[in-house]
Amino acid sequence: DANVRVQVNEDWQWWPAEEGLASKSLDYGTYAYEVSHDNYHTQSGTIIVSQNSQQLDVNLRPRFGWLSIPCEQAAKGAYVFATNVHTSTHIRLGQLPLTNKELESGTYLIEIQKEKFKEFRTTAVISDGDTTVIIPQIEGNAGYVRLIAEDDVEIYLDNHLLGSNQWMGSLECG
């Protein structure tokens with residue numbers, strides 16, 4: 001589904017491609033061509049049409065790569081965000097673990113966030129056609145708390161009732 005155009009008599013003509021093939025009859029001669037597609041590098045050049053049928057095979061090079069982030073059980077479900085450092089485009093990539101997430105080639109600030117864990121940040125360079133793997137070091141950011149109160153005392157956290165008289169659980173540091 002690439003875009004194909006050929007210069008014929010100083011005019012650029014768009015050639016429809018069907019099943020990966022764009023075809024047209026041309027007079028003998030030399031013609032400029034250009035094949036483009038989103039997220040791929042454009043390929044251009046010339047083709048010489050002579051008495052023998054001419055065919056040009058084009059393989060566009062990707063302008064993207066992949067990001068993979070495996071994780072330990074504790075980090076499973078953490079949210080992953082990427083910010084392109086050149087365009088400031090912010091992307092929510094999903095949750096850990098990430099496998100072969102496609103990203104436009106470039107440099108990204110990667111942020112991994114999960115409740116009760118410290119935010120993990122790193123920089124990743126995504127290269128054309130390559131997979132970049134990040135192994136995050138996720139550190140806990142919570143403590144275990146046990147509260148004991150007198151009879152008939154309700155215990156709340158952020159206006160949410162946790163229990164009466166006593167409560168045990170973990171809370172994020174702060």
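Trainee: Leaving aside neighbours within four places in sequence, which residues is R61 in contact with?
Mentor: Contact here means heavy atoms within 4.5 Å. R61 sits in the loop between strand 6 and strand 7 (64-69), where strands (E, at least two residues) and helices (H or I, at least four) are DSSP runs numbered from the N terminus. Skipping the neighbours within four places in sequence, R61 is in contact with Y40, H41 and D128.

Trainee: Before we go on, at what pLDDT do side-chain atom pairs count?
Mentor: Residues are numbered from 1 along each chain as its sequence is written, and side-chain values use heavy atoms, with hydrogens and water left out. This is a predicted model, so to speak with conditions attached: totals for chains, interfaces and linings use all residues, local features need pLDDT of at least 70, and side-chain atom pairs count only at pLDDT 80 or more.

Trainee: OK, back to R61: is it buried or exposed?
Mentor: Buried means under 20% relative accessible area, exposed over 50%, and partly exposed in between, with a 1.4 Å probe and protein chains only. R61 has 51% relative accessibility, so it counts as exposed.

Trainee: What about T46, which residues does it touch beyond four places in sequence?
Mentor: T46 is part of strand 6 (residues 43-49). With a relative accessibility of 56%, it counts as exposed. Not counting residues up to four places away, T46 touches T30, Y31, A32 and Y33.

Trainee: And S36, buried or exposed?
Mentor: S36 belongs to strand 5. Its contacts outside four places in sequence are A2, N3, T42 and L60. The relative accessible area is 16%, so S36 is buried.

Trainee: Let's do charges. How many salt bridges are there?
Mentor: Side chains of opposite charge can pair when their charged atoms come close. The rule asks for a side-chain nitrogen of Lys or Arg within 4 Å of a carboxyl oxygen of Asp or Glu. By that rule the count is four.

Trainee: How far apart are the closest N and O atoms of E139 and K118?
Mentor: E139 is in the loop between strand 13 (131-133) and strand 14, while K118 is in the loop between strand 11 (106-113) and strand 12 (120-126), 21 residues apart. E139 is partly exposed at 46%, and K118 is partly exposed at 41%. The closest N and O atoms in their salt bridge are separated by 3.7 Å.

Trainee: Which residues do salt bridges with shared partners join into one network?
Mentor: One of the bridges pairs E119 with R121, with the closest N and O atoms 2.9 Å apart. Salt bridges that share partners make one network of E111, E119 and R121.
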